[in-house]
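This short report is meant for a reader meeting the structure for the first time. Please keep the sequence and the 3D view at hand while reading.

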Amino acid sequence: MDKMITSLNSRRLLLALVGLVVGFASAANAVTFNDGGTHIIDATNSYPLDPVIVEDSATGQPTTLIINTGGDIGSISGDGLTANGSSVVTMNGGVVSGTVYAYSESELTITGVSSSLDGDIHLSGSASLSFSDATLKGPCGTCSIYDAHRIVGEENSTILILSGNNLRVYVPPQSNALVDIRGGNFWRFGEGAMIDVQNGRLAL
């Protein structure tokens, strides 16, 4: 009898854990903006549990997303933000956790001292980034430079850095990205490059 009770309790525990995992997985449903309009994320309209995707409309009109102070994308799930097509994302404040991806000809503008990103920024295609005043969060005090969050420029992307904190820029060998640096504080812990352009073009 004791063995049967133990077995039953084990099964109940397993089912509860499975349900918990499924619950977490279902919470992270992508929020997609793709109507060619303008959308605002702020303190009253945020998505801490979900990834956000911004895409052109079915007729090819670019969709615009504006993130203002108090806005939250992925602070709990860590799922990040993706910009596709010719979409435009402007971050004036708030928090984005997880990786930010910009593809094709999408445009990212990240500015404002209240803007904080806890993850990498990856650009590819002909995507562009303008970065000023915002903070790209660094790692813990004992982490190496290779664990720091960074801005990665691939293919023919463009990176313009006017100012900012805890920055690290990387352009891999196969890329032709343009990196234009006019200011900013570049994070460094121990050995390692803060600006690592193995190919592409660097303007200082």
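## The lining of the largest cavity

Two strands, β7 (88-91) and β10 (107-111), each supply at least two residues of the lining of the largest cavity, strands being DSSP runs of E with at least two residues, numbered from the N terminus. With three residues, β10 gives the largest share of that lining. The model is predicted, so that local features need pLDDT of at least 70 and side-chain atom pairs count only at pLDDT 80 or more, while totals for chains, interfaces and linings use all residues. Residues are numbered from 1 along each chain as its sequence is written, and side-chain values use heavy atoms, with hydrogens and water left out.

The lining residues are I67, L81, V89, M91, V96, V100, L108, T109, I110 and L117.

## The chain as a whole

The chain holds one helix and 20 strands, a helix being a DSSP run of H or I with at least four residues. Of its 204 residues, 38% are buried, that is, under 20% relative accessible area with a 1.4 Å probe, protein chains only.

Among contacts (heavy atoms within 4.5 Å) between residues at least 6 apart in sequence, 44% join residues at least 24 apart.

Technical notes:
Buried < 20%, exposed > 50% of the residue type's maximum accessible area, 1.4 Å probe, protein only. 1 Å grid on protein atoms, 1.4 Å probe; cavity = no way out; pocket = protein on both sides within 12 Å on 5 of 7 lines; lining within 4 Å.
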